[in-house]
Amino acid sequence: MQSSARSVISAVGRGAELLTDVDYHLAETVAEKEEIYNLRYRAYLREGAVKPSADARVTDRYDELPNAWTFGVYLHGELCSSVRISVLTSEWRESTSADVFPDILLPRLDRGEVMIDPTRFVADPDQVKRVPELPYLTTRLAYMACEHFNADLGLAIVRPEHQAFYRRVFLHETIAEPRLVPGLTKPFGLMAADFPTFRKKVFERYPIMRSTAFERRMLFGRGGQRQVPQRPVLVADAAHADAAHA
């Protein structure tokens with residue numbers, strides 16, 4: 001096993017130990033949202049992805065769409081990272097990836113595919129130095145969404161220099177070359193993983209990505225106006241999944 005692969009597995013293992021101290025919280029109040037928008041700004045500014053602005057916040061229209069969930073990841077009660085999870089279906093067709101890569105994704109939505117589009121993935125620049133497991137703890141939300149909504153495809157908008165990591169660790173493949181994303185100064189490519197195909201392999205390699213049906217319902221079943229059409233899941237399949245994740 002290569003040293004880089006060992007370090008990833010080691011970090012994920014440590015992340016699993018931290019799960020008892022982690023709280024995934026859906027941002028619903030103005031204060032919660034503003035804290036995340038400020039975190040985005042600090043993270044993007046540090047890596048040169050946005051220009052300095054007086055309001056020190058990053059938000060867009062996708063944050064308020066009914067098929068989007070913006071989560072804060074709290075460690076010991078402190079906001080450390082965040083990700084926005086958008087669910088794309090034949091009915092719900094708006095997200096960052098769908099609008100930047102419509103030629104790639106819309107035909108697949110027309111065929112009835114379900115996709116999870118995690119965007120605005122940011123970590124506190126100072127916290128991530130002390131807690132290198134944060135990326136895995138945050139990415140876990142995307143896997144829970146794929147499971148909850150019975151997704152065909154897990155998407156990722158990734159800068160070119162980070163694509164090798166996603167390919168090696170999360171088994172993503174590049175499906176579109178980098179394009180400019182509105183509001184950001186650097187281009188991002190589109191990567192994707194066939195969730196039904198790679199689900200078992202990823203969960204065996206990284207047990208931290210597993211979750212229970214109860215945990216997923218608590219996260220994605222909140223909010224009366226955030227009801228996204230779900231593909232039916234067979235009872236037998238659901239029971240098998242819960243048993244595997246218990």
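Biologist: Which residues of H8 do Tyr 143, Cys 146 and Glu 147 in H6 meet?
Modeller: This is a predicted model. H6 spans residues 134–148 and H8 spans residues 195–205. The H6 side of the contact is Tyr 143, Cys 146 and Glu 147, and their partners in H8 are Phe 195, Arg 199, Val 202 and Phe 203.

Biologist: By class, what residues make up the contact of H6 with H8?
Modeller: Glu 147 in H6 and Arg 199 in H8 are among the residues that meet. Glu and Arg count as charged, whereas Tyr, Cys, Phe and Val count as nonpolar. The tally is five nonpolar, no polar and two charged residues.

Biologist: At what angle do H6 and H8 pack, and what does that make H6 relative to H8?
Modeller: The two axes lie 12 Å apart, at an angle of about 130°. Roughly antiparallel needs over 145 degrees, and roughly perpendicular covers 65 to 115.

Biologist: What is the hand of the crossing where H6 passes H8?
Modeller: H6 and H8 pack with their axes 12 Å apart. The crossing of H6 past H8 is left-handed.

Biologist: How are H6 and H9 oriented to each other?
Modeller: Their axes come within 10 Å. They cross at roughly 100°. The perpendicular class runs from 65 to 115 degrees, so H6 and H9 are roughly perpendicular.

Biologist: Which residues of H9 make the contact with H6?
Modeller: H6 contributes Arg 140, Leu 141, Met 144, Ala 145, Glu 147 and His 148. By class, the whole contact divides into five nonpolar, one polar and five charged residues. The H9 side is Glu 215, Arg 216, Arg 217, Leu 219 and Phe 220.

Biologist: Is Arg 216 buried or exposed, and which backbone oxygen does its side chain reach?
Modeller: Arg 216 sits in helix H9, residues 213–220. Its relative accessible area is 6%, and the cut-off for buried is under 20%, so Arg 216 is buried. Its side chain reaches, at 2.9 Å, the backbone oxygen of Ser 211.

Biologist: Is His 76 buried or exposed?
Modeller: His 76 lies in the loop between strands E2 and E3. Its phi is positive, about 55°, although it is not a glycine. Its relative accessible area is 61%, and over 50% counts as exposed, so His 76 is exposed.

Biologist: Where is Leu 171 found, and is it buried or exposed?
Modeller: Leu 171 is in the loop between helix H7 and strand E6. Its phi is also positive, near 65°. Most residues other than glycine have a negative phi. With a relative accessible area of 13%, Leu 171 is buried.

Terms used. Residues are numbered from 1 along each chain as its sequence is written. This is a predicted model: local features need pLDDT of at least 70, side-chain atom pairs count only at pLDDT 80 or more; totals for chains, interfaces and linings use all residues. Side-chain values use heavy atoms; hydrogens and water are left out. Helices (H or I, at least four residues) and strands (E, at least two) are DSSP runs, numbered from the N terminus. Buried means under 20% relative accessible area, exposed over 50%, partly exposed in between (1.4 Å probe, protein chains only). A polar contact is a pair of N or O atoms within 3.5 Å; within protein, one must be able to donate a hydrogen and the other to accept it, and residues adjacent in sequence count only if both atoms are side-chain atoms. Axes are lines fitted to C-alpha atoms, for helices over the stretch in contact, and angles run from 0 to 180 degrees between N-to-C directions. A crossing is left-handed if the near helix is turned anticlockwise from the far one by less than a right angle, and right-handed if clockwise. Contact means heavy atoms within 4.5 Å. Angles under 35 degrees count as roughly parallel, over 145 as roughly antiparallel, 65 to 115 as roughly perpendicular and the rest as oblique.
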